[in-house]
Amino acid sequence: MRLSRYFMPTLREDPSEAETVSHKLLLRAGMIRKLASGIYNFLPLGFKALKKIEQIVREEMNKAGALEILMPLVQPAELWQETGRWELYGKELLRIKDRKDHDFCLGPTHEEVVTDIVRRDVKSYKDLPLILYQIAVKFRDEIRPRFGIMRAREFIMKDAYSFDADEEGLEKSYQKMYETYHRIFENCGLKFKAVEAHTGAIGGDVSHEFMVLAETGEDTIAFCEACGYASNIELTPAETSENYPQESPKPLEKVYTPGVRTAKEVADFLGLPVAKITKTLIYIVEENEAVAVCIRGDHEVNEIKLEKILGGKPFRMAKDEEIRRIAGASPGFIGPKGLKIKIIADKSLVGYPNFVIGANEDEYHYINANLGETFTPDMIADVRKATEGDLCPHCGKPLSFLKGIEVGHIFKLGTKYSLPMKAMFLDKDGQMKPFIMGCYGIGVSRVLAATIEQNHDEKGIIFPWQIAPVQIGIIPLKDSFKEKAESLYQGLSQKWDVLLDDRDERPGVKFNDLDLIGVPLQIILGKAFEEKGEVEIKQRKTGERVYLKPEEIENYVQGFAKKGA
């Protein structure tokens, strides 16, 4: 591509609308432009990067024996009603009507559609296993789309679905996709971890997330350097390494705590560590039941764990007026003693002596509360988020924590969709059985954003070679060098994606633009070319520079590309 004839509307300043590094740089590099909230146009450079990611995904999926299809974005309500998700999915499902007043939706995912395909035409165990996939646009009507294409309403996704005759077959398909995902993200040049994860709205029993490691990640990963265990913090068992002091229970005492509501405020007022303060949070379950959760002041409730404890029932935090009606006091002064609702105590309170609880009276707390004496919970459970210092559930060594960005998610669905949709096949014994399913997604456009979050500096993007939309940039600094630059451009373009900056611009502008868009190798025809006939080659990632004769360039680039730098 010749830059003088290319559409690359770069920006010099960070756009005010952008919150994250990837959002800023994708806009500044002229790769995307916003059309509406959470909906973006991909311009030529951004589209090229997407297509490279897609190709890596497609090649590895095909190697794994998956078959590519394409399913419609617009889906009829009837399929979603068969599984019950029409009512359950929530407002992220954008429901629409056609001119005949029939209900449809814009597909956020395609489990129902692909199950309908298979139930129509796959009748025998002899046709199994089967893995179908597509790379297509999805739409989820996020309430707060943000971070550019990281959490957009419209996005590009690879979704795959496996159909097996039994659990053993599903295990093989799942493992095959697990290994395929490792190859995909390795081939994209990314640092990542596969972690145990919550199944969420898709459902199923077992799932893993693939997380690109980045300091700006939304998710927290707990991992064990000793045994390799890794999980999303949403799912990590909280096993404390603390040894609680051996104290005898002290007499319960009601104390005046005016104007202090948060755990830290109460701790500061009483001169105690925050860990000694117990928070009591009230949730409303299915809009008709109140449940209290008691947890140490230095811990946070893990609502994914709470959801499992509540049997998957929908719940929300109680409003201030509901709290006052239930407990007789304002938020911040609530405690478990005397509450006439179900109480769940986090297991970290077991054996923890003489802590502080709210007195269910404004401006008052109890000190020296003890589990089993001051109050007896209905349930003791692991209901908190794991924290630094907690222990690995597999080997008991301390856990470490990293930030990550979810780019892939795989699920064991079982019969969650095949049973309600009556998707059946004839097994080898002549019996009708439901398909055993798996689901495997990669956010293709999210991979692009996550790559930039992981690979950037103050100058701009640092693309891995494998997915860089431009792999080599050629910059002639004098008009007399343009003929040689053209010759290099013609030769190197036979094998790689090459950009020739033939614009009538100052050298600084050219260097800055190539750094901004993340070109891995820059070939500069400047002073060294004039004096020695050598070109200067700069590596974007390291800043390393080498000087070579033109005939040596191709071998150098081949070696660089082989390393996937």
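Me: Where is Pro129 found?

Reply: Pro129 is found in the loop between helix 5 (111-121) and strand 7 (130-139). Helices (H or I, at least four residues) and strands (E, at least two) are DSSP runs, numbered from the N terminus. A cis peptide bond, with omega about 0°, joins Leu128 and Pro129. This is a predicted model, in which local features need pLDDT of at least 70 and side-chain atom pairs count only at pLDDT 80 or more, while totals for chains, interfaces and linings use all residues. Residues are numbered from 1 along each chain as its sequence is written, and side-chain values use heavy atoms, with hydrogens and water left out.

Me: How many helices and strands are there in the chain?

Reply: The chain has 14 helices and 31 strands. Its C-alpha trace spans about 90 × 70 × 50 Å along the principal axes. Of the 565 residues in the chain, 53% are buried. Buried means under 20% relative accessible area, exposed over 50%, and partly exposed in between (1.4 Å probe, protein chains only). Contact means heavy atoms within 4.5 Å. Among contacts between residues at least 6 apart in sequence, 68% join residues at least 24 apart.

Me: At what angle do the axes of helix 1 and helix 10 cross?

Reply: Axes are lines fitted to C-alpha atoms, for helices over the stretch in contact, and angles run from 0 to 180 degrees between N-to-C directions. Here the axes of helix 1 (residues 21-28) and helix 10 (residues 444-454) cross at roughly 105° and come within 8 Å. That makes helix 1 roughly perpendicular to helix 10. Angles under 35 degrees count as roughly parallel, over 145 as roughly antiparallel, 65 to 115 as roughly perpendicular and the rest as oblique.

Me: Which residues make the contact?

Reply: Helix 1 contributes Val21, Ser22, Leu25 and Leu26, and helix 10 contributes Leu448, Ala449, Ile452 and Glu453. By class, the contact has six nonpolar, one polar and one charged residues. In this scheme Ala, Val, Leu, Ile, Met, Phe, Trp, Tyr, Cys and Pro count as nonpolar, Asp, Glu, Lys and Arg as charged, and the others, Gly among them, as polar.

Me: Which residues of helix 1 are buried, and what do they pack against?

Reply: Ser22, His23, Leu25, Leu26, Leu27 and Arg28 are buried. Helix 1 is thus mostly covered, with six of its eight residues buried. The buried residues pack against helix 10 and helix 12 (507-516), and also against strand 1 (32-36), strand 2 (39-42), strand 25 (456-457) and strand 26 (460-461). Just after helix 1, Gly30 takes a positive phi of about 70°.

Me: Which residues are buried in helix 9?

Reply: An α-helix has 3.6 residues a turn, so residues three or four places apart point the same way. In helix 9 (residues 320-327), the buried residues are Glu322, Ile323 and Ala327. They cover an arc of only 105° around the axis, which puts them on the same side of helix 9. The arc is that of the directions from the helix axis to the C-beta atoms. What covers these buried residues includes strand 14 (278-285) and strand 16 (315-317). Just after helix 9, Gly328 has a positive phi of about 80°.

Me: What is the phi of Glu286, and what is that of Glu363?

Reply: Phi of Glu286 is near 50°, a positive value in a residue other than glycine. Glu286 lies in the loop between strand 14 and strand 15 (289-296) and is partly exposed, with a relative accessible area of 40%. For Glu363, phi is near 75°, again positive in a residue other than glycine. Glu363 lies in the loop between strand 18 (355-358) and strand 19 (364-369), and at 26% relative accessibility it counts as partly exposed.

Me: How many disulfides does a search of the whole structure find?

Reply: A disulfide is a covalent bond between the sulfur atoms of two cysteines. The criterion is a pair of cysteine sulfur atoms within 2.5 Å. A search of the whole structure finds zero disulfides. Cys188 is in no disulfide, and the nearest cysteine sulfur, that of Cys439, is 19 Å away. Cys227 is in no disulfide either, and the nearest cysteine sulfur, that of Cys392, is 3.6 Å away.

Me: Is Cys188 buried or exposed?

Reply: Cys188 counts as buried, at 1% relative accessibility. Cys227 is partly exposed, with a relative accessible area of 38%.
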